[in-house]
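User: I have a new model open and would like to go through it piece by piece. Shall we start?

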Amino acid sequence: MQQLIRRTTAAATILLLFSIPTQEPAAFASGKKLSLDAFVRLAAERNTVFEEILIDRLPLQYTRTLALPADDLLLSVKGKYILMLGDPDGGTEYSFELDKLFPSSGTRFSTSYAVDYGLGSRGNESEFNIAIVQPVAENAFGKANRLLEKLSGIENDIAHYQIAEAYEDYLASLVGLYYDWYAASENLATATNAYEDAKKQLDNIRERKQNNIALPIDVNKIMVQTVSRKERMIALKNDYHVQTNLIMEAIRAIGTERPVPAKPDETQHNPIRDIETEILTFQESSRTASILNLLEEKAGTEVAQAADRLLPSINLTAGFDLVGDGRFFTDPDHGLFAGVNLQWPLPDKQEHARHDISLINQRRTALSTGNTRLSLETSLKNLYWTIENQRRLIQLAKEKITISRAVVRDEKKNYSLGKTDLNDLIDEVNRLEEHRFNLINREIELQKLIVEWKRLTDALVQEKELPDILPLQQSETRLLQKPGTNGE
């Protein structure tokens with residue numbers, strides 16, 4: 001099984017348009033960089049949660065076999081010994097019967113041979129017959145079996161899609177985990193730099209105090225700022241270590257060298273086209289749309305099944321009989337026969353009730369899929385505008401950092417000249433630090449929103465068509481990757 005999944009994941013490449021590494025945080029330069037693309041590949045190869053998801057695909061090749069009536073050739077052998085009271089001699093009976101059902105047409109073929117070493121006046125007797133039974137009302141010419149085969153095929157297709165959905169959901173959660181890890185790394189690097197700057201500022205203010213330029217309260221204010229920044233750095237370092245442990249668990253690398261994240265390449269994301277075009281494409285060709293269509297088709301098939309069961313059971317029978325003495329039909333009698341067998345429960349309330357329920361379920365399914373389509377359309381529109389709004393907020397965050405840097409620079413100059421209070425400088429420095437954290441969080445949030453867009457539109461993982469019944473060693477899920485995206 002491990003070999004199967006390794007082949008599966010080897011054939012599975014991820015449609016994730018990220019992950020060209022740039023700079024790593026200076027505080028963690030000792031670790032090896034792990035790009036998003038490399039992280040996803042390692043997780044797909046090693047993480048047994050993927051195996052747990054994909055293994056649900058293997059039983060699907062047996063769905064049709066288990067759903068349809070067995071078409072095996074049935075051999076029946078019987079033997080019995082008869083002893084009549086008052087007769088010292090006993091008698092034996094033997095019979096051999098072959099029975100075969102053809103589900104696609106509903107036809108049943110049977111043949112039998114029986115030998116009776118009887119105690120009666122006729123003595124030994126043998127019989128051979130061939131019979132064909134054909135339903136012509138309920139399950140007429142295999143209609144019910146064909147509906148059952150169609151239903152099992154629909155359920156199989158839905159299961160395939162749902163497995164791909166589960167794979168995609170878990171993959172999206174891992175990508176989100178990577179972004180959280182990268183955000184923790186960037187936040188820690190920002191906090192570390194801020195702490196180092198605060199220590200330099202503290203050294204500077206102490207020197208100014210020794211020169212009688214700064215007051216003792218100024219030193220205490222900077223000391224409070226330095227301690228606060230150290231406190232924040234310690235908290236963010238713990239968050240970074242927690243995220244690193246989760247990353248190592250995801251790639252099953254517990255106990256190995258601790259990696260550091262690489263900045264994902266934002267330019268590798270495909271731009272979202274016009275929202276109406278995106279929604280139309282989603283409604284026509286997405287995996288979710290296929291599932292909804294299959295659910296409606298399944299409900300219609302179940303109605304057809306219930307309607308078929310309302311018909312009476314009418315079986316036409318035809319065959320050939322041969323009866324004779326001894327095992328080899330001495331003095332044989334032979335003939336043809338034909339007949340009809342009718343079974344019709346009246347008023348058949350249960351089947352009428354099942355048919356009515358199937359119509360109700362069909363209506364419920366139509367309402368549910370319609371509401372789901374509308375809800376997904378609204379979710380995509382809202383997500384689209386949230387992404388566009390996040391882009392604008394990122395631009396504003398960058399502008400705020402530029403302005404805040406200029407303000408801090410001027411405040412430092414004014415403070416050194418005695419034109420401003422230290423509190424104003426501290427406020428502006430803290431405000432600049434918050435702007436930096438805000439930019440990191442907004443950029444990461446944008447990337448996670450884009451991943452969510454890809455997940456909702458079924459663009460994160462794409463599954464190729466597979467045969468209905470696939471050998472165990474060939475069961476694979478193939479995921480498409482944009483050419484030219486390689487992890488380090």
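Analyst: Let us begin with R252, which is partly exposed at a relative accessible area of 35% (buried means under 20%, exposed over 50% and partly exposed in between, with a 1.4 Å probe and protein chains only).

User: Where does R252 lie?

Analyst: R252 lies in the loop between α6 (216-250) and β6 (260-261), where helices (H or I, at least four residues) and strands (E, at least two) are DSSP runs numbered from the N terminus. The phi of R252 is near 55 degrees, a positive value in a residue other than glycine.

User: Before we go on, what should I keep in mind about the source?

Analyst: This is a predicted model, in which local features need pLDDT of at least 70 and side-chain atom pairs count only at pLDDT 80 or more, while totals for chains, interfaces and linings use all residues. Residues are numbered from 1 along each chain as its sequence is written, and side-chain values use heavy atoms, with hydrogens and water left out.

User: And what is the mean pLDDT?

Analyst: The mean pLDDT of the protein is 83, with 84% of its residues at 70 or more; pLDDT is the predictor's confidence in each residue, from 0 to 100. Among the elements, helix α8 (residues 287-308) has the highest mean pLDDT, 95, whereas helix α1 (residues 2-10) has the lowest, 39.

User: Over which residues does pLDDT stay under 50?

Analyst: One such stretch is residues 1-30, for which the model has 91 contacts beyond four places in sequence, contact meaning heavy atoms within 4.5 Å. Residues 465-488 also stay under 50, and there the model has 66 contacts beyond four places in sequence.

User: OK, the overall make-up: how many helices and strands?

Analyst: The protein has 10 helices and 8 strands. Of its 488 residues, 40% are buried, and among contacts between residues at least 6 apart in sequence, 75% join residues at least 24 apart.

User: Which strands form the open sheet, and in what order?

Analyst: The open sheet is formed by 6 strands in the order β2-β3-β4-β5-β7-β8, with antiparallel pairing; two strands pair if DSSP finds at least two bridges between them. The edge strands, each pairing on one side only, are β2 (73-82) and β8 (330-343). Neighbouring strands of this sheet are turned by 15 degrees against each other on average, direction ignored (axes are lines fitted to C-alpha atoms, for helices over the stretch in contact, and angles run from 0 to 180 degrees between N-to-C directions).

User: Is β2 well covered or hardly covered?

Analyst: β2 is hardly covered, since the count of buried residues among its 10 residues is 0. Strand β2 is joined by 10 bridges to the antiparallel strand β3 (residues 91-102), and L74 has D99 in β3 as its bridge partner.

User: How many bridges join β5 to β7?

Analyst: There are 11 bridges between β5 (residues 124-135) and β7 (residues 313-325), which run antiparallel, and S126 stands opposite G324 in β7.

User: Switching to aromatics, how many pairs are there?

Analyst: The structure holds 6 aromatic pairs; rings of Phe, Tyr and Trp (its six-membered ring) pair if their centres lie within 6.5 Å, and planes under 30 degrees apart count as stacked, over 60 as edge-to-face and the rest as tilted. One of them is F39 with Y178, whose ring centres are 5.6 Å apart and whose planes stand at 35 degrees, so this pair is tilted.

User: Which helices hold F39 and Y178?

Analyst: F39 lies in helix α2 (residues 36-46) and Y178 in helix α5 (residues 143-210), so the pair ties together parts that are 139 residues apart in sequence. F39 is buried, at a relative accessible area of 0%, and Y178 is likewise buried, at 0%. Y178 also pairs edge-to-face with W181, at 5.4 Å centre to centre and 80 degrees between the planes. Y178 and W181 are 3 residues apart in helix α5 and hence separated by about one helical turn, and ring pairs link F39, Y178 and W181 into a cluster.

User: Last topic: where is the cis peptide bond?

Analyst: The cis bond joins L346 and P347, with omega about 5 degrees, and P347 lies in the loop between β8 and α9 (349-416). D348 has its place in the loop between β8 and α9 too; its phi is near 60 degrees, a positive value in a residue other than glycine. D348 counts as buried at 13% relative accessibility.
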